Amino acid sequence: MKTTSYISRQVENLKPSGIRRFFDLAAQMDDVISLGVGEPDFVTPWNFIEQSFHALEQGYTSYTENAGMIELREEISNYLSGSFQLDYDPNEQLVVTVGASQAIDLALRTVVEPGDEVIVVEPSFVAYVPIVSLAGGTPVTIQTKAEDDFKLKPEQVKEAITPKTKAIMLCNPNNPTGTFLNKEELQQLAKVIEKNDLLVLSDEIYAELTYDDNYTSFPSIEKMKERTILISGFSKAFAMTGWRLGYAAGPADIIAAMVKIHQYTMMCAPTMAQHAALEAMKNGRQSVQEMTESYKQRRNFIVSSLNEIGLSCPNPGGAFYAFPSIKETGLSSAEFAEQLLQEEQVAVVPGEVFGSGGEGYVRCSYATSIKQLDEAMERMKRFVEKRL
Amino acid sequence: MKEIEVELLKLIEKNANLKVEKIAKLMGKSIDEVSELLRDLEEKKAILGYSTLIDWAKVLDTEEVTAMVDVKVTPARGVGFDKVAERIYRFPEVKAVYLMSGAYDLSVSVKGKTMTEIGKFISEKLSALDSVLSTTTHFVLKRYKHDGIILHDDDDDDKRIVVSP
C-alpha cells in the first residue's frame with residue numbers, strides 16, 4: 001500500500017530544513033569539530049539535575065497543572081520582574097511549555113487564521129516559517145541586510161505590512177546572526193507596530209546572553225506588553241536544551257487560549273524538567289553568569305580570529321553565533337560549508353538555510369570549548385588561504 | 001580589584017598554560033595590556049605561582065602517599081597558633097597547613113613516597129614538637145576531585161548532535 005497520498009498536502013509541501021541535509025553529511029564523518037551546534041556545550045548545572053533526581057525520588061512523576069506548576073510560574077514571574085522589569089500574573093499570564101518551540105507553535109496556532117499574514121524577519125531560526133504555515137497563516141519574510149548589521153529597520157516592517165498582516169515574529173538577540181537590538185531600536189519598531197495594530201511574538205530565548213549593552217525586553221517598552229506574547233525558556237542560558245522546557249507570557253486572554261490547545265495536545269510540560277527549572281530559577285544566577293562570561297570570551301576570540309583569517313565578521317551583541325561573510329572566497333554558503341567539512345572536518349551552517357538573506361554567510365556557533373575553537377580556526381585558516 | 005583583573009585571574013586559575021596572546025584575544029584586550037596586568041598581579045603577589053595539576057599515578061609506578069593529620073597544639077602567648085604553624089609548615093614534607101575550628105587546631109597535609117616514610121615524619125618530627133599535644137593521621141585512599149578538578153574523568157565526549165538549528 002502506498003501511503004504517501006495519505007499525507008496532508010500542507011505537510012507534504014513543507015520544505016525539509018536545510019540543516020537536516022547538512023546534519024546527515026556531517027554525521028557520517030569522523031574527527032569533526034562542529035561549530036554547527038545551536039545549543040550550549042555546558043552540561044546542565046549539577047544543582048538543577050540533582051533537584052530533578054530529588055523530585056523523582058519523592059515520587060513527582062505525575063502530571064502537573066496544564067499551565068505548569070504554580071510554584072514554577074511564580075518563580076518565572078519573579079525572574080521576569082527582577083531581570084527585565086516585567087510584571088506578569090503567574091496565575092493568568094504565564095504558561096510553561098515543552099521548550100520555547102512549543103510556545104511558538106501554541107502562540108501561532110492561537111492567533112493565526114487562514115489568510116492571515118505573519119511577518120518573519122530573516123535570516124532567522126528555521127522553524128518560524130514552517131510553524132506559521134502549519135498554523136494556516138501566510139509567512140511574509142523580510143530580509144535584514146548585512147550593511148545594517150542585520151538589524152531590522154522600521155521602514156522594512158512598514159513595507160511588508162498589508163491589510164492582512166496580523167502579527168510579527170521578532171527574535172532578539174537573533175539566531176543565526178547574533179544581532180542585538182537595543183532599547184532605542186526596539187522603540188522605533190514599536191511605533192510602526194502600534195500604528196499598524198500588529199501583535200508581536202517576541203522570542204527572547206537568548207535574552208540572558210548579551211555581552212556589551214543592557215538588554216531590553218520587548219514587552220517592557222511602553223504600550224507593547226498588551227500586544228506582545230513573550231516567548232522564552234531554559235534551553236540556552238540555563239544549558240537545559242534536552243529538558244525541553246520553555247514558557248510564554250502575555251495577555252491573559254491569549255494565554256488562556258494557548259493553554260486550551262496545550263491541555264488537549266500536550267497536557268503539561270514534563271514534571272521532572274519543571275522541578276529542575278524551579279531550582280534554576282531559585283539558585284541558577286551564578287551558573288548563568290559564569291557561562292555568559294565564558295561565551296563572551298569565546299565570542300571575542302572567534303570574531304577576532306575570523307577577521308584575521310579574512311572572513312569579515314561584525315561583533316555580534318548576543319546569542320552564541322558569529323555570522324561571518326564568506327563572499328571573498330567566491331563560494332556560495334552551501335559550497336563553503338560542504339567543502340570546509342570535506343577538506344578540514346569543520347562543520348558550520350550555510351547562511352542560506354536561515355533565509356535567502358543569509359546567502360554569502362555561514363553561522364559559526366561558539367558554544368564550544370576554547371581548545372576546539374582554536375583548532376577549528378586553524379583549520380578554517382588553512383581552508384580560506386587556499387581560496388583568497 | 002578591578003573587574004578586568006578578576007576576569008584575567010579566573011582565566012589563568014583554570015588554565016595557567018594559557019598564552020598571553022590567547023588571553024588577550026579572549027578578553028578583547030591588547031597583548032601589552034595583558035602582559036602589564038600580569039606583571040602587576042605578580043608584583044602585588046595576587047599571583048603567587050603557576051603550578052600544574054598532575055596525576056602522578058599515571059606516570060610513576062608507585063603512587064605518592066598523602067596523609068591529612070589533625071594536630072592539637074598549645075598556642076603560645078602573644079602569637080597564638082602562628083609560631084607553631086610556622087614550625088610545621090617549614091618542613092618540605094608538609095604541603096598544606098590550615099588553622100581549623102572544632103575538635104583540633106591545625107590540619108596538616110603531608111606527602112611522602114610510602115606510608116612508612118610519612119609515619120616516620122609524624123612520629124619523629126611532628127609529634128615530637130613541644131607544643132604538639134596530639135596527632136590523628138588519616139591516609140588518603142583515593143582522590144576524586146582536587147582543586148575543583150575531577151580526576152579520572154575520561155568522559156569528556158561531546159554528547160550533542162553535530163548540527164542543530
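The model is predicted: local features need pLDDT of at least 70, side-chain atom pairs count only at pLDDT 80 or more, and totals for chains, interfaces and linings use all residues. Residues are numbered from 1 along each chain as its sequence is written, chains are lettered from A and ligands numbered from 1 in the order written, and side-chain values use heavy atoms, without hydrogens and water.

**Fold of chain B**
- Chain B has five helices and six strands (DSSP runs: H or I of at least four residues for helices, E of at least two for strands, numbered from the N terminus).
- Their order along the sequence is α-α-α-β-α-β-β-α-β-β-β.
- Chain B is more spread out than a compact globule, because its radius of gyration is 21 Å, well over the 15 Å that the globule rule gives for 165 residues (taken over C-alpha atoms; the rule is 2.2 Å times the number of residues to the power 0.38).
- The C-alpha trace of chain B spans about 65 × 40 × 30 Å along its principal axes.

**Burial and contacts in chain B**
- Of its 165 residues, 28% count as buried (under 20% relative accessible area, 1.4 Å probe, protein chains only).
- Among contacts with a separation of 6 or more, 59% join residues 24 or more positions apart (contact: heavy atoms within 4.5 Å).

**Chain A**
- UniProt, in an unreviewed entry, lists residues 31–379 of chain A as "domain: Aminotransferase class I/classII large"; such annotations may be inferred rather than shown by experiment.
- Over residues 31–379, chain A is 40% helix and 14% strand.
- The end C-alpha atoms of residues 31–379 in chain A are 12 Å apart.

Methods. Buried means under 20% relative accessible area, exposed over 50%, partly exposed in between (1.4 Å probe, protein chains only).
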